[in-house]
Amino acid sequence: MADMWAFRDAVSGWAAGGTGEAASELAVRLGLRTAVLLEGPSDLAAVEGLAARRGRDLVAEGVCVVPMGGAMSVGRYAGLLGPPGLGLSLRGLCDEREQSFYDRGLTRAGAPPGGFFVCVADLEDELIRALGTARVEEIIEAEGDLRAWQTFLHQPAQQGRARQRQLRRFLGTKKGRKIRYGSLLVEVLEPGQVPAPLDELLASV
């Protein structure tokens, strides 16, 4: 796993303008065949958490899961890891509102369509809808975040908003919370509750 973190760091440096030598060497050492491009670390936590629950070792399977630091980086990462760069097969998740941007970026990189699975708002929204708002609130209470949640609900901006939107916003209000809950929500999913984009992504790699 240490080599995978080193590979992610090497790709991040490459995307920032460095050379791809280290990333290329590590890709060969790891036997990589597929790159899963995700917007950020909370998506990474959810994807790796579900893979572990299903008994899959993505690293051993030659699959690298790479957080890009934002959807706007997809064209750059697709170019580095896909056909023009390391030649890996590309998969990933994208939000519905950004699908056309992803399509353009992947086309520029020469990546074939069909490998990216679309969340309506984002992955957190998919997980909340899958579990139901009452179950997510139970998890918040169990995690010791009930007081913070109740304080959040009293904010004027939250008055009149749907519970699902409130929960989604709450998960993003504190650094690290989306990452933590990305793992927590996946851990309590029943087999039939896995959101379709996440389920289809893992089935494709």
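**View 1. Trp149, Phe152 and Phe170 form a cluster held together by ring pairs.** This is a predicted model, where local features need pLDDT of at least 70 and side-chain atom pairs count only at pLDDT 80 or more, while totals for chains, interfaces and linings use all residues. Residues are numbered from 1 along each chain as its sequence is written, and side-chain values use heavy atoms, with hydrogens and water left out. Rings of Phe, Tyr and Trp (its six-membered ring) pair if their centres lie within 6.5 Å. The structure has four aromatic pairs.

**View 2. Two arginines sit over aromatic rings.** Arginine 177 has its charged end over the ring of phenylalanine 170, 4.0 Å from the ring centre. Phenylalanine 170 also belongs to the cluster in View 1. Likewise, the charged end of arginine 8 is 4.5 Å from the centre of the tryptophan 5 ring, and sits over that ring. To count, NZ of Lys or CZ of Arg must be within 6 Å of the ring centre and within 35 degrees of the ring normal.

View 3. Strands (E, at least two residues) and helices (H or I, at least four) are DSSP runs numbered from the N terminus, and two strands pair if DSSP finds at least two bridges between them. Strand 3 (residues 89-95) and strand 4 share four bridges. Look for glycine 92, whose bridge partner in strand 4 is phenylalanine 116.

**View 4. The largest pocket has a volume of about 220 Å³.** A pocket here is an open set of points on a 1 Å grid where a 1.4 Å probe fits, with protein on both sides within 12 Å along at least five of seven lines; lining residues have an atom within 4 Å of a point. Its lining includes Asp95, Arg97, Asp122, Glu124 and Lys178. Helix 3 (41-53) gives the largest share, three residues. By class, the lining has two nonpolar, three polar and seven charged residues, with Gly counted as polar.

**View 5. The second largest pocket has a volume of about 150 Å³.** Of its 13 lining residues, Asp103, Leu106, Pro113, Gly114 and Phe116 are the closest to the centre. Helix 5 supplies five residues, the largest share. The lining has eight nonpolar, four polar and one charged residues.

Conventions
Grid points are joined across faces, edges and corners, and a volume is the space filled by probe spheres set on the points. Rings of Phe, Tyr and Trp (its six-membered ring) pair if their centres lie within 6.5 Å; planes under 30 degrees apart count as stacked, over 60 as edge-to-face and the rest as tilted.
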